[in-house]
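Here are some notes for a colleague who is meeting this structure for the first time. Please read them with the sequence and the model side by side.

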Amino acid sequence: MTIAAAPAPSRPLTHRLGLGGLRRVPAVVLIAFAVLALALVVTLFAQFMMPYDYDAMNLRARLTPPLPWEGSNPAHPLGTDKLGRDVLSRLLIATQTSIALALLGTIIGAVLGTVLGFLAAHFRGIVDEVISALVDFQAAMPYFIIALAVLAFMGNSIVVFLFLMAIYGWEKYARITRGLVLSAREEGYARAQHALGAGPLRTYGIHILPNIVSPLIVQLTVNFPDTILFETSLSFLGLGVRPPLTSLGQMLGDGRDYLVTAWWLAVVPGLTIFLVTLAMSIVGDFLRTHLDPSLQD
Amino acid sequence: MTALLTASDLTRSFRAGRKRMFRPAPRFNAVDGVDIEVARGETLAIVGESGCGKSTLGTLLLGLAEPSAGRVLFDGQPVRGRGGDAWRRMRRRIQVIFQDTNGSLDPRLPIFAQVREPLDIHRIGARAERDARTRAILGAVGLGPHLWQHVPGELSGGQQQRVVIARAAILEPEMIVCDEPVSALDVSIQAQVLRLLRQLQRDMGLTMVFISHDLAVVRHVADRVAVMYLGRIVETGSAERVFQAPQHPYTQALLAAVPVPDPARRTARVLATGEPPSPMNPPPGCRFHPRCPHAVPRCRSEVPALRPIAGRETACHVAGALDAEITRIAAE
C-alpha cells in the first residue's frame, strides 16, 4: 500500500470552534469588539500612551475641566484632578490595572474551576462530594462580605487581591465542567478512547475538553464583566488597589467627593467601566448564540 | 484448535431498582454463568434478541467491565485489572467496534488524527512511521486522501464505520469484538462493510467475536454461533449446523422469524409465543419454557445444561426428541 499524498492542510480554527457559519456580524457587536480591542491595547501599552506620568502632580493646575468646557487646557484633554494629575494618563493606567486584574482573576478562576470540575467528575465519590460542597458553599456565600473580611484580616496586597478575584466565580466553571464531563464521559467517543487504552488525561485533554469548551468560553465572557465590577467595587470602597497605583474603581471612589464641583473625576472612569463591561456582555451574548449548539439553527 | 479466549462461568449482575431498608436491592443477572471459547482465527457470533445480555457479554470479554463472577482468559492471561498497565497493554491485542459508529468518533477531530490515535496512545513508532501506517490503513479500508482531514459529521454512515474499523485495525490486534457493527447501516452498505471485515480478518489472521441480532448478517460471517436467551447460552456450535438444523426451540423460533425470500423453501414456522419474560424475575427451570411450544413439566423445575446433541451443544431437555416432531410438523 503506497499512498504518497500528505494530509490536506489543517482546518481553520474558526471552523473547529463551530464559527464557520459566521456571515454577518451586527454593527453593535463590531463596535463592542472595537471597544474591547482598544481596552486591550491600553492594557498592553498604557505606559507608552500616557502623555504625563500618571502620578505627576501639578498643584497650580488643579481641577482643570475636560476639553470643550470653559477653563479647559488642551494639554489635559480629560482635565486634572484635585492634585493636578492628568486624568487621561490616570485613566489609561487605571484601565490597565482593572482589566489586567480582572483578566488574570477570571483566567485563574476559570482554570481552577475547570480543573476542579474535571476532578469531581473523574473521581466521583468523596472527591466529588467535597468539591460539590465547596461549590454550593461558594454559591451560597455573600462573597463581597467574605472578601471584605479577608482584606480586613490579611491586609491588602496585590497578591491577596488577585487571589480574591480568582476565587470569585470559580464555582460556576466547576459546576458547568462537572456536568458536561459527566455526560461527555458517557458519549461513545469517550468510551471508545477507554477501549483503545487511552489514559484519562489524554481523553480529557484531547477529546472531552475541546468538546465542552464552548459553554466555558461563554461563561468566561459572562464572568469577566462581573469580575471588573467586583474589582471596581472593592477599589471604590478603598479596599482594593492602593494609591499611588490606581484603578477604575479607585478613581471613581476618589471622584465621588467632587461630584458637584468636578464631575469629570467620577464620570470619566465610570463611563469607561460602563463601556468595557457593556462591550464584554455584548460580545459574550454574541459568542453564546454562535457557540452554544443548543441555540444553533 | 487452540482457544485464544476462554470465558468460564461468566456472570454480570446489576442492581435493579432502589435499595429498601432491611432488604438488599433486587439484582438481576444480565449475563448468567456463560462459558465460551473462541479459537484463534475463527469468528464466533453471539446472537439473541435485544436485552438478552449479548452486549454485556461483549464488554466482559473485552475487559471493559468486571464480571461479578467467573473469569476471562485471553491467550492464557486473565483479562482484568481495569486501567492497570497490563490491562492497557492488552488493549493492543483486543479491539472493539461499537454499535454506535457516529457516537464512537470524536465529532471535532479530523478522521486522520483519530485513526492515528491508537498508535499515539501506545507510543508505537516515530511520528512519520505513525503517519505512514495511518495512510496505509485508511487506504486499506477504502478511504481516499480527500476525506482524511474531514470531521466525522461530514462523512456518510458507511465511511464513518470504515474509520472505526481502521482505528480498531491499526494496532494489528489479535481479536476484535464487533458489537452490532452494521445494524445502523443500509443493507447495501452492510454488505460492503462485512466484506471489508472479512478481508481484514483474512489478511491479518484476526479472531472475531461478532455480536448481532441479525441472523442474515451472522450467516455471512460466522464460523461458530452462540445463541443467547436471557443471559444464558442456549445453543452453540458450528454456524452451518446451527443454521441448517437448529436443535433448541428458541433457535428454531429465531430462525423461523428470518424472512425467506424463496416461497418454495418456506418451512413450518416454530414460533415462540408471548414476550420474553423480565430478566428481573426469570422463570425457574429452563428460562424459555413459558414461551416454548414443546415444554414438558421437567422444563419448569430443572435448569437444562448444555449437552452435545447432533454435533453441537444445546441446553434443552427435549431437544434430542424434537427432531422427529419437527419432521412431523413440517409434513402436516
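Which residue is the bridge partner of B:Arg307 in E12(B)?

1. Before turning to that question, please keep in mind that this is a predicted model, and that what follows describes the model as it was computed.

2. The bridge partner of B:Arg307 is B:Thr314, which belongs to E12(B). Strand E12, residues 312-314 of chain B, is joined to E11(B) by 3 bridges, and the two strands run antiparallel.

3. This pair belongs to an open sheet in chain B, in which 8 strands follow one another in the order E6-E7-E8-E3-E9-E10-E12-E11, with mixed pairing. Because strand E6 (94-97) and strand E11 (307-309) of chain B stand at the edges and have a single partner strand each, one side of each is left without a neighbour in the sheet. Between neighbouring strands of this sheet the turn is 20 degrees on average, when direction is ignored.

4. Helix H9 of chain B, which covers residues 249-256, lies across strand E9 (224-229) and strand E10 (232-238) of chain B, and it runs at about 105 degrees to E9(B).

5. Chain B is divided into domain 1, made up of 3-93 + 173-331, and domain 2, which covers 110-171. Where these domains of chain B touch, 13 residues of domain 1 are in contact with 10 residues of domain 2. On the domain 1 side, helix H6 (residues 187-204) of chain B gives the most, with 7 residues, and the residues of that side divide into 11 nonpolar, 1 polar and 1 charged.

6. The C-alpha trace of chain A spans about 80 × 50 × 35 Å along its principal axes, and 37% of its 297 residues count as buried. Among contacts in chain A between residues at least 6 apart in sequence, 69% join residues that are at least 24 apart.

7. The contact between the chains takes 27 residues from chain B and 21 residues from chain A. On the side of chain B that touches chain A, the elements that give two or more residues are helix H2 (85-91), helix H3 (111-121) and helix H4 (127-140) of chain B. The residues of this side of chain B divide into 14 nonpolar, 5 polar and 8 charged.

Note on methods:
Residues numbered from 1 in each chain as written. Chains lettered and ligands numbered in written order. Predicted model: local features only at pLDDT ≥ 70, side-chain atom pairs only at ≥ 80, totals over all residues. Pairing = 2+ DSSP bridges. Helix = DSSP H or I, 4+ residues; strand = E, 2+ residues; numbered from the N terminus. Axes fitted to C-alpha atoms, helices over the stretch in contact; angles between N-to-C directions. Contact = placed C-beta atoms within 7 Å. Nonpolar A, V, L, I, M, F, W, Y, C, P; charged D, E, K, R; others polar. Buried ≥ 20, exposed ≤ 12 C-beta atoms within 10 Å, placed from the backbone. Domains from an automatic or database assignment.
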